[in-house]
Amino acid sequence: MKKYVIGLDYGSDSVRAVLIDTDNGVEVASDVHWYERWKNNSYCNASLNQFRQHPLDHIEGLEKTIKSVVKEGKIDANLIKGICIDTTGSSPIPVDENGTPLALTKGFEENPNAMMVLWKDHTAIKEANEINHLAENWGGTNFTKYEGGIYSSEWYWAKILHVIREDEAVKNAAHSWMEHCDLMTFLLIENKDLKAFKRSRCAAGHKAMWHADWNGLPPETFLNQLDPYLGELRANLFSETFTSNEVAGTLSKEWAEKLGLTTNTVIAVGTFDAHAGAVGAKIEEHALVRVMGTSTCDIMVSSHENIGSKAVRGICGQVDGSVIPGLVGLEAGQSAFGDLLAWFKNVLSWPIDNLVLNSAILDESQKNKLKEEIESNFIKVLSKQAEHIPLSESIPTALDWINGRRTPDTNQELKAALSNLSLGTKAPHIFKALVNAICFGAKKIVERFEEEGVAINTVIGIGGVARKSPFIMQTLANVLDKPIKIAASDQTPALGAAIYAAVSAGIYPTVLEASQKMGSDFEATYYPEKDKVTTYNNLMESYNELSSFVETITNDK
């Protein structure tokens, strides 16, 4: 008898659910829910790098998408054996002693500091710098050792420290803090014991300085030097962590009735989207999986024999079991990938939005049709024209640090830049420069892994950018001088979450075996164009020079 599982993938803008046949990974049904409050820019202030999300966006999305795939799939509820949730991260949220998000409690309904602090929120740069200074100078263990040696403002402790300093009411009301993947998993299970709840190894290891070498989270003696609140908070957190092949609990009666499922449905331990995506793309040793969306996450796995006790410098962590239990998961990434191109689109759209679409000459129907046409063709036409600009023509040099730098050597204070502009520079030239920049940023990550002795034999691309932009993928292949395979699935992270669910439900014995059986096929491979590789190497030198200049003046401020 066939068995099915559900993978739920929370991205920056939407949540998507997939119902998967465990025999072969075939997608039976899928649904997407766009966050309403987020779409309206509620609780965000881009000028301050503040990006917060209301948990109701996520709860509403969970109910809508799972109910939809259960209904569309027309599968007997008894045959749906497991659910696993992946989310962005680090995206912590304050909760009360019952595990209820503060934003769902009286007095905090509209308070941004009581919301989930989204991964790309960079309000905690000062606090991250404090953590790094203390870690290097306090005289004890450097707890950033397995997180690349530099703690980021995108991560757990820095964000908590910033919020509690800014908001006394949240500080006093927050009994604990949960990563998004843990909160949504906790929401679904029957046993609501916050202290006994199984927290994600992936989230804690990559973002909260959890490691077996020091028996869990950093000790109170370290945290107290940042703020006594953090030392007190530690007692309300966790000591053990768990990988996503393990069972967090079973579906509660309340949620089983809401979703049309049974209380026998297993809920797996939560994880992060990029790590689930790597599983969905059949990751193996020496394969770099690039999860390309608004930002990128670059995921690898290594055996303990190969990585040993070596700490790879400047990445976003190495954690035993964070991707494949039994192997060490390695994470890197870029703080902006699609976001850089979206920024440029928004700049170019200003006169359209503010002049053309506000024109009295056009009626509302014409404006709507024009807007749809522009949205549909904007990046497509830019890409086509940029692709046909010969590499011999003068192209600006750009940096991809529009949202800071994640890897190598995280520094969220860095800003993007453009050089080599002239009167002959047009929009497609700048677009080509930005595409080059995100590809050069990717190459810096590959170089760092290889410098640190982590061999890369295969590159796999997943996500919307990978599937929809041949121009960007071909440029990336030329810059990296490596073939790039593109995963065929539209929903690779959700598929990866479903694979974890299948293992936690006992359908497969290991994540590696389930991944090979259920993981995505590949729909295309981009090979380096050898006649262009040398030219891109030369252009990369200009990128390195501009990078060095901008970093120097930033550090001198």
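**Aromatic pairs, cores and backbone features of the predicted model**

W138, F143, Y146, W214 and F222 are linked into a cluster by ring pairs. Rings of Phe, Tyr and Trp (its six-membered ring) were paired if their centres lie within 6.5 Å; planes under 30 degrees apart count as stacked, those over 60 as edge-to-face and the rest as tilted. This rule gives a count of 12 aromatic pairs. The model is predicted, and local features therefore require pLDDT of at least 70 and side-chain atom pairs pLDDT 80 or more, whereas totals for chains, interfaces and linings use all residues. Residues are numbered from 1 along each chain as its sequence is written, and side-chain values use heavy atoms, with hydrogens and water left out.

K258 lies over the face of W255, 4.1 Å from the ring centre. K192 is positioned over the face of F186, at 5.8 Å from the ring centre.

Nonpolar cores were defined as sets of buried Ala, Val, Leu, Ile, Met, Phe, Trp, Tyr and Cys residues joined through side-chain atoms within 4.5 Å. Buried denotes under 20% relative accessible area, exposed over 50%, and partly exposed the range in between (1.4 Å probe, protein chains only). The largest core holds 58 residues, and L330, F431, F449, I472, M473 and L476 have the most contacts inside it. Helix α15 (residues 427-451) supplies the largest share of this core, 13 residues. Helices (H or I, at least four residues) and strands (E, at least two) are DSSP runs numbered from the N terminus. With neighbours within four places in sequence set aside, F449 is in contact (heavy atoms within 4.5 Å) with L288, M300, I315, L330, A332, V454 and I456. Another core, of 43 residues, lies apart from the largest one and includes L19, V69, I83 and I267.

Helix α4 (residues 156-166) is largely enclosed by the rest of the structure, because 9 of its 11 residues are buried. The buried residues of α4 are Y156, W157, A158, K159, I160, L161, H162, V163 and I164. In strand β8 (residues 176-179), S176 and M178 point one way and W177 and E179 the other, and all are buried. Strand β6 (residues 92-95) runs antiparallel to β8 and is joined to it by 4 bridges, where pairing of two strands requires at least two DSSP bridges. Within this pair, V95 stands opposite S176.

A search of the whole structure for disulfides (cysteine sulfur atoms within 2.5 Å) found 0. The sulfur of C181 is 6.8 Å from that of C202, the closest cysteine sulfur, and is therefore too far away for a bond. C316 is likewise in no disulfide, the nearest cysteine sulfur being that of C297, 6.9 Å away. C181 is buried at 0% relative accessibility, and C316 is buried with a relative accessible area of 1%.

Cis peptide bonds join G89 to S90, with omega near 5°, and T407 to P408, with omega about -5°. S90 is located in the loop between β5 (80-87) and β6, and P408 in the loop between β16 (397-398) and β17 (418-419). D409, also in the loop between β16 and β17, has a positive phi of about 65° although it is not a glycine. D409 is partly exposed, at 24% relative accessible area. At 44% relative accessibility, N420 is partly exposed.

Conventions. A charge sits over a ring if NZ of Lys or CZ of Arg is within 6 Å of the ring centre and within 35 degrees of the ring normal.
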